[in-house]
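Below are some comments for a colleague on the pockets and the salt bridges of this model. They are set out as numbered points, to be read beside the structure.

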Amino acid sequence: MEGFMNNTAVYPGTFDPITFGHIDLIERAARIFDRVIVAIAANQNKKPCFTLEERIELASEVLSKYKNVEVKGFDALLINFMREQNAKIILRGMRVVSDFDYEFQLAGMNRAMAPDIESIFLMPAERYTYISSSFVREIALLKGDVGQFVPEIVADALIKKVGR
């Protein structure tokens, strides 16, 4: 597998907020790859609940036990970020079948722009397949308990953010 001696994978997303599903993928990726960069996208188009800085801070705290995992923010084309990080592997999670169409198109676009960068897909453990950041945000907004979906520090930050 020439060209992949630098075994760095980038797991991009908005992580608004980071969930147990994300953490499951990151934990497994940390066992597979020498270095995993959790790349948190500014992505103002999605109107995130947390600022980029808050998302970086939460993810950094939650992932601090993984020695080969770094958390970085970015506000650029993913391919350009990959090149800046000297990374050749994009890690993406697929929770449900409906994710496949979008991820397939995204991987094709990335391959067209950067044929030297590969996309690899992981599925979370079954107990996390239904968790999405948008559902977690909605539950928090409606004053529901999000503790089973996110770490305690994230649940506390959500409660403060939505004003309970």
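**Pockets and salt bridges**

1. By class, the lining of the second largest pocket comprises four nonpolar residues, no polar ones and six charged ones, where Ala, Val, Leu, Ile, Met, Phe, Trp, Tyr, Cys and Pro count as nonpolar, Asp, Glu, Lys and Arg as charged, and the others, Gly among them, as polar. The residues concerned are Phe 50, Glu 54, Glu 57, Leu 58, Glu 61, Ile 153, Asp 156, Ala 157, Lys 160 and Lys 161.

2. The model is a predicted one, in which local features need pLDDT of at least 70 and side-chain atom pairs count only at pLDDT 80 or more, whereas totals for chains, interfaces and linings use all residues. Residues are numbered from 1 along each chain as its sequence is written, and side-chain values use heavy atoms, with hydrogens and water left out.

3. The second largest pocket has a volume of about 150 Å³. A pocket here is an open set of points on a 1 Å grid over the protein atoms alone, where a 1.4 Å probe fits, with protein on both sides within 12 Å along at least five of seven lines, and lining residues have an atom within 4 Å of a point. Grid points are joined across faces, edges and corners, and the volume is the space filled by probe spheres set on the points.

4. Helices α2 (52-62) and α6 (152-162) each supply at least two residues of the lining of the second largest pocket, and α6 gives the most, with five residues. Helices (H or I, at least four residues) and strands (E, at least two) are DSSP runs, numbered from the N terminus.

5. The largest pocket has a volume of about 1,100 Å³. Of the 40 residues that line this pocket, Pro 12, Gly 13, Thr 14, Lys 46 and Arg 92 are the closest to its centre. Its lining divides into 20 nonpolar, 11 polar and nine charged residues.

6. Which elements supply at least two residues each to the lining of the largest pocket? They are β1 (8-13), α1 (20-32), β4 (89-93), α4 (97-113) and α5 (133-141), and α4 gives the most, with seven residues.

7. The structure holds nine salt bridges, each being a side-chain nitrogen of Lys or Arg within 4 Å of a carboxyl oxygen of Asp or Glu. One of them joins the side chains of Arg 137 and Asp 16 (3.6 Å, N to O); this pair links distant parts of the chain, with Arg 137 in helix α5 and Asp 16 in the loop between β1 and α1, 121 residues apart. Asp 16 is buried, at a relative accessible area of 2%, whereas Arg 137 is partly exposed, at 24%; buried means under 20% relative accessible area, exposed over 50% and partly exposed in between (1.4 Å probe, protein chains only).

8. A salt bridge also forms between the side chains of Glu 70 and Arg 35 (2.6 Å, N to O), linking strand β3 (residues 69-74), which holds Glu 70, to strand β2 (residues 35-41), which holds Arg 35, across 35 residues. Glu 70 is partly exposed, with a relative accessible area of 27%, and Arg 35 is partly exposed, with 23%. Arg 35, Glu 70 and Lys 72 are linked in a network of salt bridges.

9. The side chains of Asp 116 and Arg 83 likewise meet in a salt bridge (4.0 Å, N to O). Asp 116 lies in the loop between α4 and β5 (118-122) and Arg 83 in helix α3 (residues 78-84), so the pair ties together parts that are 33 residues apart in sequence.
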